Amino acid sequence: MLRRWLAYSFAFILSSLGLFAQEKADSLVRLLGCDLLQQVEESGYSYRKALGNARFYHNSTLLVCDTAIWNVNTNLIKAFGNVRIIQNETVLSSDKLDYLIDENLAQFRGTLVQLQDKQKNTLRTRNLDYNTKDSVATFRGGASMKDKDGQIIESKYGTYDSKISTFTFTGTVNMYTDSIFVKTEKLEYDTDANFARFGLGTIAWKDENMLCANAGWYDRNREIFLFNKSVHLMDPTREVWTDTLKFYRNTNDIELFGNIELLDSERNLSAFAGYMHYVDSIATLTMSRKPAMIATIDDKGQQDTVYVSADSLRYWTFRKCDIPEAETAASSKRLDEIGADAVTAYRQKAAEEARSAADEARKKRDMDDPNARLASDRGKGVAVGEKRPNIPGPDEGPEDPVFYRYFFAQSPDSVNVSGGRARRPGRNMPGSLSVPDSLNLKGAMNSADSVNLAGSLNSADSLATAADSLALVPPDTTKIGFLLALRNVKAFKKDMQLACDSLAYSDLDSLIRMYDAPMVWQEVTRQYSADSISVMLQDNSLKKASLMSNAFIVIQEDTACFDQIKGTEMMAYFDSTGLLRRFDSMGGASGLFYIEENGVLATVNKFESKMLTATLTEGNINDLYYFQDVKTDAYPIVQLPSEERKLKGFLWNPERRPSQPADVTPLSPRGSERSRYESLSRPKFIYTDEYFPGYMDSVHKMLASRDSVKAARAAENERMRLRQEAVRDSLKAVQDSIAALAVPDGVQMDSVGIFKDSTGVAADAALKGEKIVPKADSALAMAVQDSSAMMPPAVAADSLESGDAVRVPAEKELADSVRAAKKARAEQARLDRINAREARWAELDARDAAKKAGKDAKALARKRKATAKAVIARDRREAREQALLERYMERYARKEARRKEREFAKQNKKNQQWKEEQE
């Protein structure tokens with residue numbers, strides 16, 4: 001047992017001595033070999049001269065060169081020619097170096113010093129020191145590093161730690177990566193993780209965009225940039241200030257955190273928030289954490305400011321052709337609803353009913369008295385209805401009012417086309433011509449020598465061409481914006497304020513829609529409320545507002561008296577200055593007005609009706625009109641109890657009104673810093689031009705080529721857009737032409753003998769100096785008559801008799817339309833080819849991106865696999881070593897216990913012997 005313990009102890013001592021010897025051996029320089037070795041003694045110094053493929057080993061580092069002189073006394077090796085130092089997978093090369101053995105320091109000097117790590121990142125400089133024990137390189141005097149993917153980093157000073165694969169650049173640091181240029185004071189680049197950290201004074205450029213910050217990082221594997229500490233972002237029209245910015249390069253998404261402010265100089269708009277998120281794929285910007293917007297607008301030549309805030313603001317865009325049909329239909333319906341004029345429609349209906357009643361009365365009178373019928377025929381032909389109140393139209397202001405007067409509608413057959421007095425159809429007045437053939441179109445279209453309109457207007461080729469051209473209308477790619485504000489929405493403008501729970505806006509209809517207890521105030525004393533309110537803007541001013549369900553208008557006269565109007569639905573019209581000029585109340589209207597006498601509110605007027613309309617001037621009611629089931633009463637103000645001075649549902653809520661901009665947002669826009677940031681110079685990469693000559697020039701040429709291609713595509717897209725608009729215009733012209741040349745239903749187009757009959761009659765009438773009255777549903781006959789009316793009688797007779805006056809313009813117009821349609825179809829075919837080429841380019845770009853992503857994913861997978869394999873091997877090795885150590889410790893503990901037992905037994909034996917001796 002003792003021998004075994006001694007054997008283990010001896011083995012442990014030998015292994016310890018071996019490790020010490022190995023460490024001591026590594027600290028010694030060994031000459032592994034050379035072609036020729038010489039021993040030189042000079043001036044008391046001993047030199048060893050290794051010639052040809054000299055190889056030295058020190059600190060687990062291999063030194064290789066053509067010639068080496070080793071000063072044994074000073075422990076200095078001078079190496080010349082193809083000098084290389086190889087440690088693990090790091091390779092340093094130069095023309096010469098001085099290796100200080102005692103300091104473990106390799107001093108590279110020469111025209112070019114190069115360091116290449118295991119990731120094939122290449123750093124070049126003229127002055128570099130490498131510590132072989134710590135595996136740290138230090139360079140000075142300027143260096144440039146180019147990685148395997150073409151990324152460039154250069155600086156005046158820096159280090160490289162081979163053990164953790166990290167470059168540290170200090171001084172004036174310039175970086176280029178994938179069309180992004182960065183300038184900073186300090187940059188750390190972990191080559192294993194492909195991770196870069198930026199320091200103070202970080203400035204980045206991409207195309208026309210510029211970013212400044214004092215800290216940040218770039219994760220190249222995930223393609224994510226993060227910048228923080230006084231971040232400023234700028235493009236040609238906008239500036240952004242924020243605490244933190246995160247940019248997802250693969251998707252072009254952006255997240256902003258902290259004190260965010262966006263300044264849009266093109267739109268005179270500032271936006272504030274604690275968080276912004278832009279999703280590029282759906283072109284959506286979401287703002288939260290006390291978001292607000294401040295916009296400066298031009299209101300009738302004067303500058304005004306609008307303040308808006310909510311708990312959440314969201315803005316997104318769609319191409320018009322991509323908007324769902326349901327949304328487009330809903331927008332059109334909203335426009336139709338707000339564009340309707342219920343009062344006008346009601347009055348038109350009443351006028352139609354009155355006309356019908358008058359017609360019935362006249363017919364009855366004619367049947368009873370034939371003389372009255374003849375007197376009626378000699379009359380004006382229209383019966384003027386009663387004069388209507390002077391109510392401004394929905395699109396007119398008080399300065400140029402349109403007074404509605406409703407006449408009994410004339411029959412189409414009684415329209416006086418020729419300029420004479422209208423005649424009732426079916427009654428041939430004295431001296432007029434009887435023209436049954438000219439009106440019998442169906443029987444007249446039989447002449448064999450007439451113009452063959454059937455071969456032009458109704459030919460299959462012409463109509464097919466027009467149909468094909470109409471089908472080739474290109475999609476409308478106009479960007480349509482949508483805005484959604486949620487919860488606690490407030491807005492302040494000098495002449496208008498609003499508050500609601502949610503607000504929506506769309507460029508489709510340019511309507512602001514407010515929901516959930518919305519309220520709008522004007523001039524402090526005017527309050528509008530309803531379950532929902534839709535507002536139409538024109539030139540940055542109110543044009544029209546629709547108050548839907550439980551609509552209520554309150555106008556404060558003094559602290560206790562309020563004019564009130566209540567209705568199921570209301571429509572408010574505003575003049576060019578934004579003042580209310582007319583309002584309509586529908587669906588059961590009721591109101592209460594205070595009337596001033598001698599400067600004092602003396603009378604209260606209460607009313608009810610099915611519908612009412614009012615006109616105002618400078619905010620004061622001029623005229624008030626009631627319709628159907630009218631009830632109105634006036635009371636002295638002193639006799640009306642206070643509880644009856646307010647209509648049911650009355651609510652005056654001035655506390656909810658934002659009375660000043662600070663009630664919307666306490667923030668104010670900062671001034672632009674564009675000039676200061678634009679004065680900062682871009683990186684020049686002087687060290688890269690020295691150590692990688694021509695590389696940055698190729699980068700700039702590549703970017704210029706890419707920009708030119710992008711500009712060419714943009715120009716081509718603009719040309720395509722203009723051509724698309726031209727195609728739409730030409731197709732609209734074709735449609736208009738076809739509609740203008742359309743023949744009424746029932747007319748046979750196999751021949752146009754009508755022209756001989758009808759034009760002959762027209763010629764006779766023209767020669768006699770008389771006018772004919774065409775039938776309203778005969779557009780062709782009307783055109784013939786109009787053309788005959790403009791000609792001298794003789795010319796008209798000849799021209800109309802031959803049919804040339806109709807045939808030539810009609811055929812020319814149709815031929816022009818067909819040519820325009822064919823041209824439009826050819827143009828669309830060319831645009832389709834261009835679109836196909838663009839789609840092919842996009843497909844190739846996507847394919848290249850997919851290939852690159854696949855390669856990157858495979859490389860990452862290989863790296864992860866290798867890392868996992870190394871980790872598993874390390875864990876197994878550590879587990880084996882730990883198990884061996886534990887077994888050794890157990891054996892050692894057992895041996896120590898046995899030794900103590902033997903010593904204890906031996907001591908007891910000695911004690912026993914000593915006692916026996918004493919006895």
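I looked up Cys212 and found it buried, at a relative accessible area of 6% (buried is under 20%, exposed over 50%, partly exposed in between, with a 1.4 Å probe and protein chains only). This is a predicted model, where local features need pLDDT of at least 70, side-chain atom pairs count only at pLDDT 80 or more, and totals for chains, interfaces and linings use all residues. Residues are numbered from 1 along each chain as its sequence is written, and side-chain values use heavy atoms, with hydrogens and water left out.

I searched the whole structure for disulfides (two cysteine sulfur atoms within 2.5 Å) and got zero. Cys65 is in none; its nearest cysteine sulfur belongs to Cys34, 9.4 Å away. Cys65 is buried, at 1% relative accessibility.

Next I searched for aromatic pairs (ring centres of Phe, Tyr or the six-membered ring of Trp within 6.5 Å; planes under 30 degrees apart are stacked, over 60 edge-to-face, the rest tilted) and got 21. One of them is Phe181 with Phe685, edge-to-face at 6.0 Å between centres and 65 degrees between planes. The two are 504 residues apart, with Phe181 in strand E14 and Phe685 in the loop between helices H9 and H10 (DSSP runs numbered from the N terminus, helices H or I of at least four residues, strands E of at least two). Phe181 is buried at 8%, and Phe685 is buried at 2%.

I also noted Phe318 and Phe482, edge-to-face with centres 6.2 Å apart and planes at 75 degrees. Phe318 is partly exposed at 35%, whereas Phe482 is buried at 6%.
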